[in-house]
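User: I would like a close look at a single part of this model, followed by its setting in the rest of the structure. Please keep the account plain.

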Amino acid sequence: MSEAVTALAGATYEGAVTVADGGLTGMVQLRADLADAAVATAVKAATGADLPDRRRISAAKEQRLLWMSPDELLILTDHGAAPDLVKRLSTELTGQHALVLDLSDARSRIRLSGQGVREVLAKGAPVDLAPGRFEPGEVRRTRIGQIAAAFWLLSETEAEVICFRSVAPFLFDWLSTAARPGSLPGHFR
Amino acid sequence: MSSRLATGGRRIDRSKRLSFSFNGTKLTGFEGDTLASALLANGQDLVGRSFKYHRPRGIVAAGAEEPNALVALGQGDRMEPNQRATITELFDGLSARSQNHWPSLQFDIGAINARLSRFLPAGFYYKTFMQPRAAWKHLFEPVIRKSAGLGPAPTQGDPDRYEYFYAHTDVLVAGGGIAGLAAARAAAEAGARVLLVEQDSRFGGRSATDGVVIDGTDAEAWVAEQVAALSAMPNVDLRLRTMAAGVYDHGYVTLYERAGDRDPGAAPVRHRLWRVRAGRTVTATGAIERPISFAGNDRPGVMLASAVRDYIDLYAVSPGDRTVVVTATDDGYRTALAVRDAGLDVPAVLDTRPDPKGPLVDAVRARGIRVEAGRGIAKVRGTRRVTGVDICAQAGEGAVIEHVPCECVAMAGGWSPVVHLWSHCGGKLLWDETAHHFRPDPDRPPTGADGQGFAVTAGTASGPMDTGAALADAVEAGHRAAKALGHDKGAPRIPQADGTADGPPAAVWMMPHGAGPELRGKAFLDFQNDVKVSDVQLAAQEGYQSVEHTKRYTTLGMATDQGKLSNINGLAILSDSLGAPIPEVGTTTFRPPYTPISLGAVAGEARGSLFKPVRRTPIHDWHADAGAVWEPVGDWRRPYCYPKDEESHRDAVNREITATRSGVGLLDASTLGKIIVSGPDAAAFLDLTYTNMMSSLKVGRCRYGLMCTENGFLFDDGVVVRLSEDSFLCHTTSGGSDRVHAWMEEWLQTEWWDLKVWTSNVTEQFGQIAIVGPKARSVLERLGGMDLSAEALPFMAMAEGTLGGIGVRIFRISFSGELSYEIAVPAGRARALWDMLLAEGAADGITPYGTEALHVMRAEKGYIMIGDETDGTVIPQDLNLGWAVSKKKSDFIGKRAMERSALTDPDRKQLVGLETEDPALVLPDGAHAVSGQTNRFGQQETLGHVTSTYWSPTLNRSIAMALVSGGSRRMGETLDFSLEDGRIAKARVVDPVFLDKDGERQNV
């Protein structure tokens, strides 16, 4: 049996910031009314995590729950764990109006690391990326250049970006261009 | 002639000599020079020829307002025209050429235009070149384009990199002079985030040159102290070489950073366009000195008085041994003192005011400089440069009292605040009767979404021209901006400036006041566009009253400097000519950018391979390796065909079709849109969004569905699969998935919010591979894992399972008329499945085919293609798809529209097939069927047009589909189609299903 592959095939670019294929990632989409307490209970039972607040991320064990909209979550987990997570969530949500889908292959994850991650992102995203205004634990759905994307910080020097699989090579090239040595404006301090 | 002084030069570093070239001549300058100061230091005061009359022009200013010193900078692919020498920092190896001269700068044939200037008045083009019409295109325009115009456009691609940067700040301060620094400090100390930008390479503006003393220290030290303090604050970013270019709604401001201009070829970023959201924008943009309109004021050597001081103080450049100062202000006396301090001569200060007095006047007189009150310049002598001035009474008509030889004339007409940024988004202006300038009206700022003003002016940009008042204004502005955003730590301290305010300036719009036509015709308002006082007066005489019309008629202020020097003087002349007060005449509109910005900065990263996103399927790399010819479909790239060796595209397509119909073909159908619609009301929702019934579809079955707009027009189609009782998979066209998904969400969120339905666009989750042809089943069966017999998986059924160990969903659907399976596979394994299918099918000659083979095969079967057979005005019934429009459903989107008379008209264009009389002739796409009649406009009457047209290798003849008026009644008729060369092609109307009408090929 063949192994799944990512759209970026392990690509890496070393510049002012390192841009790298984030690898296979389990991604489970939940569409449900996040204001419904029963949904929160079911999600907690299935993942161990509370629902994230607006534009935030909650986490439990290997799972991170990304707030995507008032009625959409994206849950990141190990690639192999996604099918089981879909089953657990579906079971917990039985009888409720919800849609659970394994979309692990629909999106690509790109990792950024280095001192300038905020500035690389700020070259393409109309988001306030200043320290104190955007911190680990938050997620933004926005665009980077012409590409729809979501991103979050893992630390002051690490960020992750997700985008649709078909445009991952384009976004990888875009981010590599934005990360080329000497090109960061030095705005954030 | 201008030259370098032996000592001084605040900005230059004499230990760092830089070499550069101007018109091919090697020259040298110093680190810290601008191109303009280095040219003057080399005695090069003739820098270009004017736009219309080709008059010799020199450097007038020392900053962004410079109208004349535009050069073509750089060479080859880095050549850029119309660069301002006054804001171009000198670097080693800089190469510049002057513009708009032929054959040379010194001798220019176009200068003959100046002799003809009385025949080239305002509105000259409009008046002269009306008749004969043909002459405009073939004679007048080419000649004018040769004789007028500025630099040539570059002919090569720009090799440099440009980018955007998004920033958010509480307070943006535009301008890093003393006002900007004071405002930034007040805002920053109140706790606001502050971004301060300065277009120049230094902070402090004019303060040091003008000898300002603040809090007992000289300006240079005070500025350094402010910069150090601000730089140490974590909430502040100070940026040089960054110009606030435009102010827009919602606090959006664009900044233009010239990050790499001094290092061409090596800088990682040449220009950076900042896109800033600012809570408040403080415009500390300073003021620009006005020139004075006297005859010959455009001669090289006539400069703004402030620029003369700048060149002496900043760059140790002497503008000439003898400088006559002509002034309407006290400020002009600063220039007289600066010239004298540099050891140069000031033969006279000509003050238009009858009784000049005050400390500056006294100081000049005390130095023994001759001050002439109530005097002005009748005329400048000299052609290629100033040789002297004729003095006259300002009140008179220009009778020459005395001739004074000189090399430089410094004109001080008073200062106008830079109001551009304030005005870009609607800030209004006041006319100041004392200072004779427009200044921002603080009660009418540009307003944001909350109705509050979002711009604040600071310093001389607000109006006050003396340092003390400007500083107080700036501190207050910075504090107010921060406070409006909730940052306040009490009233900040206001730095104190030494000295007293200058006395009031005189309003001098024409020199001398009673100048006759001869003098007015040589008194320039707009140096760059060659607009003179007489031109504006003529426009007024001819009935122009609106300042906007006059601007366009005379071209006043329409050059690349956008009238920074000419604006107020031109308005004043117009107002005088109209006999209306200046505020009533008003100003022209200030539009971004403040000074021209590069197109590269506007393009940003979007160039080359990053110009536009390209979507790749999971099998993209295989196609590329196989030598696919690409076809863009939406943002996707799909293989059009896979030519082998020297094979033509057409041959490749024919081979792919024949191989598929006779054996087995393979298609990457991953781009097909896939949307999950799920929930207890999913079936009801799809009944509303598709024209046909979806609620009756059985689980595990597929149905072809149509989607119409509310106007009844077909906009997407695809196969719907019922995955479970309350879950459907809706396939859309390749380009349509985002549109259809948004369409579904819009209806769910705005109209049918009571339906319990979730949608999800899962297009990217799956690769989709179509295996097509009589041998398709056997290839899949050899891979193993699923029962794909006709009984287990009949036509229009779906099965889930594993194929060769990979989890898949298989739909037995066909867009070709062959036995066909579409296999959905998680995208990460799509390539693996593709490779397995190729390997397993090799024995059967499995042949990958592209979009063109797909199109031909569907056309052979008479299947429509959204975008070919539809164009936004076509309804399903036009395409013989009435069977897919439910008569039973009480409602669906488009139902009511379909009952309108225009949509039930039997003469609507309807889909038909076409067979050309000559089977070898493939009709051109879009060819019109003509009736042979003409309409009431004398045009050929058309009956319809070709929507799809191909060579069919299966039928060994051409086939086409067309939309023809009353088409279904015309079966068997022969229609005439007009070809591009005027010939007529005859084609017979036939059933659009050309192949296997009974569907026997797929029913196996």
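Which residues of chain B does UniProt list for "domain: SoxA A3" (unreviewed entry), and what does that part look like?

Analyst: UniProt lists residues 521-604 of chain B for "domain: SoxA A3", in an unreviewed entry. The structure shown is a predicted model, and the description below should be read as such. Chain B averages a pLDDT of 94, with 95% of the residues scoring at least 70. For the model, ipTM is 0.98 and pTM is 0.94.

Over residues 521-604 of chain B, 45% of the chain is helix and 6% is strand. The end C-alpha atoms of this span are 45 Å apart.

The buried residues are B:Val533, B:Ser534, B:Asp535, B:Val536, B:Gln537, B:Ala539 and B:Ala540. An α-helix has 3.6 residues a turn, so residues three or four places apart point the same way. Just after H13(B) comes B:Gly543, with a positive phi of about 105°.

Next, the chain that holds this part. Chain B has 1004 residues, of which 56% count as buried. Its secondary structure amounts to 26 helices and 51 strands, and its C-alpha trace spans about 115 × 70 × 55 Å along the principal axes. If contacts in chain B are taken between residues at least 6 apart in sequence, 67% of them join residues at least 24 apart.

Further along chain B there is an open sheet of 5 strands, in the order E37-E38-E39-E36-E40, with antiparallel pairing. Its edge strands are E37 (702-708) and E40 (758-761) of chain B, each of which pairs on one side only. From one strand to the next the twist averages 25°. Within this sheet, E38 (residues 714-724) and E39 (residues 727-732) of chain B pair in the antiparallel sense over 4 bridges. B:Ser724 stands opposite B:Ser727 of E39(B). Helix H21 (residues 737-750) of chain B packs on the sheet, where it touches E36, E37, E38, E39 and E40 of chain B. The direction of H21(B) makes about 20° with that of E36(B). Helix H20 (residues 682-689) of chain B lies across E36 (673-678), E37, E38 and E39 of chain B and runs at about 130° to E36(B).

Another UniProt feature, "domain: Aminomethyltransferase C-terminal" (unreviewed entry), is placed at residues 909-996 of chain B. That span is 0% helix and 56% strand, and its end C-alpha atoms lie 25 Å apart.

The remaining topic is the partner chain. The contact between the chains takes 42 residues from chain A and 38 residues from chain B. Strand E3 (26-31), strand E7 (99-102) and helix H4 (168-178) of chain A each supply at least two residues of the side of chain A that touches chain B. H4(A) gives the largest share of that side, 6 residues. By type, the residues on the chain A side divide into 22 nonpolar, 11 polar and 9 charged.

A:Val5, in the segment before E1 of chain A, is in contact with B:Gly828 and B:Arg831, leaving aside its neighbours within four places in sequence. A:Val5 counts as partly exposed because it has 17 C-beta neighbours inside 10 Å.

Chain A also has an open antiparallel sheet, formed by 6 strands in the order E1-E2-E8-E11-E10-E9. E1 (12-14) and E9 (139-144) of chain A stand at the edges with a single partner strand each, so one side of each has no neighbour in the sheet. E9(A) and E10 (residues 147-155) of chain A run antiparallel and are joined by 6 bridges; A:Ile144 has A:Ile147 in E10(A) as its bridge partner. H4(A) packs on this sheet, and its direction makes about 15° with that of E8(A).

Definitions and conventions
Residues numbered from 1 in each chain as written. Chains lettered and ligands numbered in written order. Predicted model: local features only at pLDDT ≥ 70, side-chain atom pairs only at ≥ 80, totals over all residues. Buried ≥ 20, exposed ≤ 12 C-beta atoms within 10 Å, placed from the backbone. Contact = placed C-beta atoms within 7 Å. Nonpolar A, V, L, I, M, F, W, Y, C, P; charged D, E, K, R; others polar. pLDDT = per-residue confidence, 0-100. UniProt positions renumbered as here; feature names shortened; annotations may be inferred. Pairing = 2+ DSSP bridges. Axes fitted to C-alpha atoms, helices over the stretch in contact; angles between N-to-C directions.
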